[in-house]
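Please study the sequence and the structure shown here before reading on.

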Amino acid sequence: MVFDFLQPVSTAFLDFKETLSNQTLGKKAVFHTVTDFPNLDNVNIAIVCVNENRGKGVENPTNEFDIFRNNFYSLFPGNWDVSIADLGNIQFGETIEDTYFLVKSITEDLLRKKIIPIIIGGVKI
């Protein structure tokens, strides 16, 4: 399964999420953790972070996705009924093409399930 290549969200973020108000996105979303992968039935949007920036000539790509997650999941959803799953992170592959292939495969799988993918990070030039 293509989702086997995803790394879970960090425990630091999960600890932060516990401090959030019950009305925030962080309390309404489901997350890929070390022990669980979210059930994608009835999920409308899936977020995947991509730890890849070799397209910009950076030798050791690394991104800090906890900053994004802390800010995004602190938001309040308002009056809408959309379910969000955070599937975690794609770590860079052996080559940049490996990473792109994995992003493409995950995106295709989500779209087949009628889930809107939101990809954060990754750079292609």
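Which exposed residues does the face of helix H3 turned away from its buried side carry? The exposed residues on that face are Ile 67 and Asn 71. The model under discussion is predicted, and the sections below describe it as such.

## The two faces of helix H3

Helix H3 spans residues 65–72, and Phe 65, Asp 66 and Arg 69 are buried within it. Viewed down the helix axis, these buried residues fall within an arc of 100 degrees, so they line one face of H3.

The buried residues of H3 pack against several other elements. These are helix H1 (11–17), strand E3 (45–51), strand E4 (84–91) and strand E5 (116–121).

## Asn 70, a partly exposed residue

Asn 70 also lies in helix H3. Its relative accessible area is 23%, and it is therefore partly exposed; the limit for a buried residue is under 20%.

Leaving aside residues up to four places away in sequence, Asn 70 touches Phe 13 and Phe 16. In sequence, Asn 70 and Lys 17 are 53 residues apart, yet their C-alpha atoms are 7.5 Å apart in space.

## The overall fold

The protein chain contains four helices and five strands. Along the sequence, these elements follow the pattern β-α-α-β-β-α-β-α-β.

Of the 125 residues in the protein chain, 42% are buried. Among contacts with a separation of 6 or more, 76% join residues 24 or more positions apart. The accessible surface of the protein chain is about 7,400 Å², and carbon and sulfur atoms account for 53% of that surface.

In soluble globular proteins, nonpolar side chains tend to be buried together. The largest nonpolar core of this chain has 16 residues. The members that touch the most other members are Phe 3, Leu 6, Leu 40, Leu 87, Ile 90, Ile 106 and Leu 110. Strands E3 and E4 and helix H4 (96–112) each supply at least two residues of this core, and the largest share, four residues, comes from H4.

What does Ile 90 touch, not counting residues up to four places away in sequence? The residues touched by Ile 90 are Leu 6, Val 48, Cys 49, Val 50, Asn 51, Thr 99, Leu 102, Val 103 and Ile 106. There is also a second, separate core of eleven residues, which includes Phe 13, Leu 25, Ile 47 and Tyr 73.

## Aromatic residues

A search of the whole structure finds five aromatic pairs. In the pair formed by Phe 31 and Tyr 73, the ring centres are 5.0 Å apart and the planes stand at 75 degrees, so the pair is edge-to-face. This pair links distant parts of the chain: Phe 31 belongs to strand E2 (residues 30–31), Tyr 73 lies in the loop between H3 and E4, and the two are 42 residues apart.

Are the two partners buried or exposed? Phe 31 has a relative accessible area of 9% and is therefore buried. Tyr 73 is likewise buried, with a relative accessible area of 0%. Phe 31 and Tyr 73 also belong to one aromatic cluster, together with Phe 13, Phe 68 and Phe 72.

## Two residues with positive phi

Most residues other than glycine have a negative phi. Asn 42, although not a glycine, has a positive phi of about 70 degrees. The residue Asn 42 is placed in the loop between E2 and E3, and its relative accessibility of 73% means that it counts as exposed.

Lys 114 is another residue other than glycine with a positive value, its phi being near 65 degrees. Lys 114 is found in the loop between H4 and E5. With a relative accessible area of 72%, Lys 114 is exposed.

## Confidence in the model

The average pLDDT of the protein chain is 88, and 87% of the residues score at least 70. In the protein chain, confidence is highest in E2, at 97, and lowest in H4, at a mean of 91.

Conventions
Residues numbered from 1 in each chain as written. Predicted model: local features only at pLDDT ≥ 70, side-chain atom pairs only at ≥ 80, totals over all residues. Heavy atoms only, no water. Buried < 20%, exposed > 50% of the residue type's maximum accessible area, 1.4 Å probe, protein only. Arc of directions from axis to C-beta. Contact = heavy atoms within 4.5 Å. Areas by Shrake-Rupley, 256 points an atom, 1.4 Å probe, with all protein chains shown as cover. Core = buried A, V, L, I, M, F, W, Y, C linked by side-chain atoms within 4.5 Å. Phe/Tyr/Trp six-rings, centres within 6.5 Å; stacked < 30°, edge-to-face > 60°. pLDDT = per-residue confidence, 0-100.
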